[in-house]
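Here is a structure to walk through step by step. Keep the view open and follow along.

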Amino acid sequence: MAHDHEHDDDHHQHGSELSEMQLRVRALETVLAEKGYIDPAALDAMIEAHETKIGPHIGAHIVAKAWTDPAFKRALIEDATKAAQSLGLINRVGDHLIAVENTPKLHNMIVCTLCSCYPWEVLGLPPVWYKSAPYRSRAVNDPRGVLADFGVTLPAETQIRVWDSTAETRFLVLPMRPAGTEGWGEEKLAALVTRDSMIGTSLPKSPGEVA
Amino acid sequence: MDGIHDMGGMHGFGKVEPEENEPVFHAAWEGRCLALNRAMGAIGAWTIDEGRAGIEALPPDVYLSSSYYGKWALRLENMVVARGLAGADELAAGHALHAAKQMKRKLTVADVPRTLTRGSFGREALAPARFKTGDRVRTKNIHPATHTRLPRYARGRIGEIEAIRGCHVFPDSTAIGGDEDPQWLYTVRFGARELFGDSADPTLTVSIEAFEPYLEPAP
């Protein structure tokens, strides 16, 4: 199988801890497959979807649409699951997706202090930093410090709102549309929407960054 | 459980370190591990909350020193053994040695799209919501030794109901093999000073998603 070859590649590229994890995970897969619980082909399909189909480009499409279509933006704030679904995305969006809007006075940031809850149907799998102790510990009591780690400084008077994803609701930040993008179409705008801007640890790119 | 996983507000973990152009997986085994865990959930081996409790049950030093998918692999080993789905001897041998348990469902390639959408945890309400938007509530000062979704930093604190999110499966129950016991879910917003004291950022508010049993009316 293709993934066996990849396992072997890892073996050459990484240290002993990785080799141990590789062997343990391979043992798990072999045992669970031989017992008939799982089908390795289904695992292949899941991995392929995560590597090729599901990612922050989906969220960026939603944000760009909201920036250009006021009715869609209203619908998104009202019921983000339903509004996102109306765009005909590849995969169905799970229930209880909530879009939270940044304004000149308010900046939103999303965290899961208890584990790694993340709106992965629209942003893909979370980055390592999102699941790390530094982010999970500090986002709730020092979001400005976290923003500084991302090179972002907000005005001192901006209100900051941190949403801790402690249940099965999921949050997507709707960042502010950058200045200087008047007349831009959805596709061009989507290129400004970074993953981190939809988590709230960063801001969208400025037009000059994608020129 | 007052475990190491409950990290909100802790000090000393250092800076957040974003990785430029981070790959979806850093090694092939991470993808296999993610998919294995999801597949076992999809065939009904355990609920999402039992799975989370499985991660939280790792010893604190192991939790902190393992990578994210490393924790998932350890959890998977522990849970398949604890539930009699595979033996420790089989994992050590790397091959099945005993008969399998009968599972509720199969997961085939055709079922994969279903696993790419999160499960739905909304349920019919069994009773009217106890609180309404704008109500002042206090989170209970609870410390169950089992799984809960009320983080330590937000216990015994006064906040405001900002939104009612419907009635949802109650993780504190399903995590220990109990019924779904659906409960109303609220977004509860707190001022940072209520949570972290007078030195906290005055421009900061923090919300949690709180199940009704976590809340009582503010005094």
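Six bridges join strand 2 (residues 158-168) of chain B to strand 3 (residues 183-191) of chain B, and the two run antiparallel. Strands are DSSP runs of E with at least two residues, helices are runs of H or I with at least four, and both are numbered from the N terminus. Two strands pair if DSSP finds at least two bridges between them. In this pair, B:Glu160 stands opposite B:Arg189 in strand 3 of chain B.

This is a predicted model: local features need pLDDT of at least 70, side-chain atom pairs count only at pLDDT 80 or more, and totals for chains, interfaces and linings use all residues. Residues are numbered from 1 along each chain as its sequence is written, while chains are lettered from A and ligands numbered from 1 in the order in which they are written.

Now widen the view. Seven strands form an open sheet with mixed pairing, in the order 2(A)-3(A)-4(B)-3(B)-2(B)-1(B)-5(B). Its edge strands are strand 2 (106-111) of chain A and strand 5 (215-217) of chain B, each pairing on one side only.

Where do strands of chain A and chain B run parallel? Strand 3 of chain A is joined by five bridges to strand 4 (residues 204-211) of chain B. There, A:Trp163 stands opposite B:Ser207.

The contact between the chains takes 73 residues from chain A and 75 residues from chain B. Residues are in contact if their C-beta atoms, placed from the backbone, lie within 7 Å. Helix 2 of chain A gives the most to its side, with twelve residues.

Conventions. Two residues are in contact if their C-beta atoms, placed from the backbone, lie within 7 Å.
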